[in-house]
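Hi everyone, thanks for making time for this. Please have a look at the sequence and the model, and then I'll walk you through it.

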Amino acid sequence: MSNSSCVVFEQASKSFGDLVALDSLSLAIPSGCIYGFIGPNGAGKTTAMRLLLGIMKPSSGGVQVLGASDGKSARSQIGYLPEEKGLYPRMRVLDFVVYMGRLNRLDKRQATRRARDLLDEFDLKDWQNEKCQSLSKGMGQKVQLISTLVHDPQLMILDEPFSGLDPINTDVVRSMILSRVESNATVILSTHIMEQAETLCSALVLINKGRAVLEGSMDEIRSGDTVYLEHNRDESVLRDLPGVLSVKQFGRGATLRIDPSQDSQDLLRSLMERTNILKFDTTSASLHEIFVREVGRDVQEEEAENA
């Protein structure tokens, strides 16, 4: 494994009978970054994370984690927040966090000190002696994040950490993720919220039907192939433009997805022959647009095959 890589998937596949949940996934996740896993439900993201953690073994290929041949060997250096979250309702908040620290090889004194410090940092000190069942959803989410952090892991795997959080607690979680990376930890983030992935991740993989559809740095994935314009005609004047792959117009504003080889100045000249241009802006596609484009393209191809 490369010294600069925290996790490496090497042609990792996982099948359940005839169902291929993950198909020959190969990627290297750099150390000290926020790396995103995005994709529709059932795409294979959670399967990839379970292979990484050593919860499941790949049917073929392998996964290296923090220099070890599997996640089990590096478990005490990993913090995992699963999508299916759950606290022990009748356990006190402090006891729950301490218990999770003990499971990750802290002694009782270390676990208690770390738990108290983190509960204080996350404004939950006054709740440490309350039972977990008394917590609101947002507070419960923060307690589970604290239990993920308590043993100071090198690698954090967060599966839908923003689910159900209000804006204030969303900002708390964002700040926690950024502070961990500033401390040289690596964060793997799985989320359906494209805005969070776009603003937090420096690199990501888009998985669909078990395969990596796109992978790379955010700049590479969002390379400019979109033009935004405002004009004073209807959408009909934007049809059949050379190098334009799709058009979406709302009011006076329109978004054009263009072929990467298309010269934007040639496009502007063609547009000026058809309509009065009020604004013309070459920009990068949003992650939401990329997601819809790639996943939608796969659906269209499948429908064509079945036609």
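When I say two residues are in contact, or touch, I mean that they have heavy atoms within 4.5 Å. What you see is a predicted model, so local features need pLDDT of at least 70 and side-chain atom pairs count only at pLDDT 80 or more, while totals for chains, interfaces and linings use all residues. Residues are numbered from 1 along each chain as its sequence is written, and side-chain values use heavy atoms, with hydrogens and water left out.

Let's start with one histidine. His 151 sits in the loop between α4 (137–149) and β6; helices here are DSSP runs of H or I with at least four residues, strands are runs of E with at least two, and both are numbered from the N terminus. Is His 151 buried or exposed? It is buried, because its relative accessible area is 9%, and buried means under 20%, exposed over 50%, and partly exposed in between, with a 1.4 Å probe and protein chains only. Leaving aside neighbours within four places in sequence, His 151 is in contact with Ser 76, Ile 78, Gly 79, Asn 104 and Leu 106. A polar atom of the His 151 side chain lies 2.8 Å from the backbone oxygen of Ile 78.

Now to the open sheet. Six strands run in the order β5-β6-β7-β3-β8-β9, and the pairing is mixed; strands pair if DSSP finds at least two bridges between them. At the edges are β5 (78–81) and β9 (211–217), each pairing on one side only. From one strand to the next, the twist averages 15°, where axes are lines fitted to C-alpha atoms, for helices over the stretch in contact, and angles run from 0 to 180 degrees between N-to-C directions. Strand β8 (residues 203–208) is antiparallel to β9, with six bridges joining them, and Ile 207 faces Ala 212 in β9.

Two helices lie across this sheet. Helix α1 (residues 45–53) lies across β3 (34–38), β5, β6 (155–159), β7 (186–190) and β8, at about 155° to β6. Helix α5 (residues 167–182) lies across β3, β6 and β7, at about 160° to β6.

What about the inside? The largest nonpolar core has 46 residues, and Ile 34, Ile 38, Leu 158, Met 176, Ile 177 and Leu 287 have the most contacts inside it. By nonpolar core I mean a set of buried Ala, Val, Leu, Ile, Met, Phe, Trp, Tyr and Cys residues joined through side-chain atoms within 4.5 Å. This core takes at least three residues from each of domain 1 (5–90 + 141–206) and domain 2 (215–306), with bounds from an automatic or database domain assignment.

Strand β1 (residues 5–16) holds Ser 5, which counts as buried at 10% relative accessibility. β1 pairs antiparallel with β2 (residues 19–30) over eight bridges, and the two form a hairpin with two residues between them, where Gly 17 in the turn has a positive phi of about 65°. Five bridges also join β1 to β4 (residues 60–65), again antiparallel, with Gln 64 as the bridge partner of Val 8.

Terms used. Polar contact = N/O pair within 3.5 Å; in protein donor to acceptor, adjacent residues only side chain to side chain.
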